[in-house]
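Biologist: Please put the model on screen. I'd like to go through it with you.

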Amino acid sequence: GREQGQQKADGSIEIELDMSRQELANLVGTTRETVTRTLTALKKEQIIDYDGGRIQIMDAECLKRMLM
């Protein structure tokens with residue numbers, strides 16, 4: 001697949017997203033609330049971290065398994 005983001009020293013991948021949660025929701029065909037709920041759940045499970053327009057993937061392998 002297409003590579004995005006920057007590999008950090010700790011092995012995580014940081015991605016800059018220049019879009020709002022509403023724009024992200026529109027892109028994937030869901031609601032802003034679902035995007036927020038999903039990001040919050042992934043953060044709670046320590047799969048990702050996020051702050052504003054930055055998402056840090058902490059456990060890429062787990063995220064890949066979830067998407068398959």
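Biologist: In what sense do β3 and β4 pair, and over how many bridges?
Modeller: β3 pairs with β4, residues 54-57, in the antiparallel sense over 4 bridges. Strands here are DSSP runs of E, at least two residues long, and helices are runs of H or I, at least four, all numbered from the N terminus. Two strands pair if DSSP finds at least two bridges between them.

Biologist: Before I go on, what am I looking at?
Modeller: This is a predicted model, where local features need pLDDT of at least 70, side-chain atom pairs count only at pLDDT 80 or more, and totals for chains, interfaces and linings use all residues. Residues are numbered from 1 along each chain as its sequence is written, and side-chain values use heavy atoms, with hydrogens and water left out.

Biologist: Back to the hairpin of β3 and β4. How many residues are between the strands?
Modeller: The hairpin has 2 residues between its strands. Glycine 52 takes a positive phi there, near 60°.

Biologist: Which residue in β4 is the bridge partner of aspartate 51?
Modeller: Arginine 54 is the bridge partner of aspartate 51.

Biologist: Which side chains along β3 are buried?
Modeller: Ile48 and Tyr50 are buried and point to one face. Buried means under 20% relative accessible area, exposed means over 50%, and partly exposed is in between (1.4 Å probe, protein chains only).

Biologist: Why do side chains alternate in a strand?
Modeller: In a regular strand they alternate between the two faces of the sheet.

Biologist: What is the order of the strands in the sheet?
Modeller: The order is β1-β2-β4-β3, in an open sheet of 4 strands with antiparallel pairing. β1 (6-7) and β3 (48-51) are the edge strands, each pairing on one side only.

Biologist: And β1 with β2, over how many bridges?
Modeller: β1 and β2, residues 13-16, pair over 2 bridges in the antiparallel sense. Glutamine 6 stands opposite glutamate 14 of β2.

Biologist: New topic. How many salt bridges does the structure hold?
Modeller: The structure holds 4 salt bridges. A salt bridge is a side-chain nitrogen of Lys or Arg within 4 Å of a carboxyl oxygen of Asp or Glu. One of them joins the side chains of arginine 54 and glutamate 14, at 3.9 Å from N to O.

Biologist: How many residues apart are arginine 54 and glutamate 14?
Modeller: The two residues are 40 apart, so the pair links distant parts of the chain, strand β4 and strand β2.

Biologist: Are arginine 54 and glutamate 14 buried or exposed?
Modeller: Both are buried. Arginine 54 counts as buried because its relative accessibility is 17%.

Biologist: What else does arginine 54 touch?
Modeller: Leaving out residues up to four places away in sequence, arginine 54 touches Glu14, Ile15, Glu16 and Asp49. Contact means heavy atoms within 4.5 Å. The side chain of arginine 54 also makes a polar contact with the side chain of glutamine 56, at 3.1 Å. A polar contact is a pair of N or O atoms within 3.5 Å; within protein, one must be able to donate a hydrogen and the other to accept it, and residues adjacent in sequence count only if both atoms are side-chain atoms.

Biologist: Which residue forms a salt bridge with aspartate 49?
Modeller: Lysine 43 does, with the closest N and O atoms 3.3 Å apart. Aspartate 49 is partly exposed at 27%, and lysine 43 is partly exposed at 36%.

Biologist: And glutamate 33, what does it form a salt bridge with?
Modeller: Glutamate 33 bridges to arginine 32, the closest N and O atoms being 3.2 Å apart. Glutamate 33 is partly exposed, at 42% relative accessibility.

Biologist: Switching to serine 12. Where is its place?
Modeller: Serine 12 is in the loop between β1 and β2. It is buried, with a relative accessible area of 1%.

Biologist: Which side chains does serine 12 make a polar contact with?
Modeller: The side chain of serine 12 makes a polar contact with the side chain of aspartate 10, at 2.6 Å. The side chain of glutamine 56 is another such partner, also at 2.6 Å.

Biologist: Last one. Where is valine 35, and what is it in contact with?
Modeller: Valine 35 is in helix α2, residues 32-44. It counts as buried at 7% relative accessibility. Neighbours within four places aside, valine 35 is in contact with Arg21, Leu24, Ala25 and Thr30.
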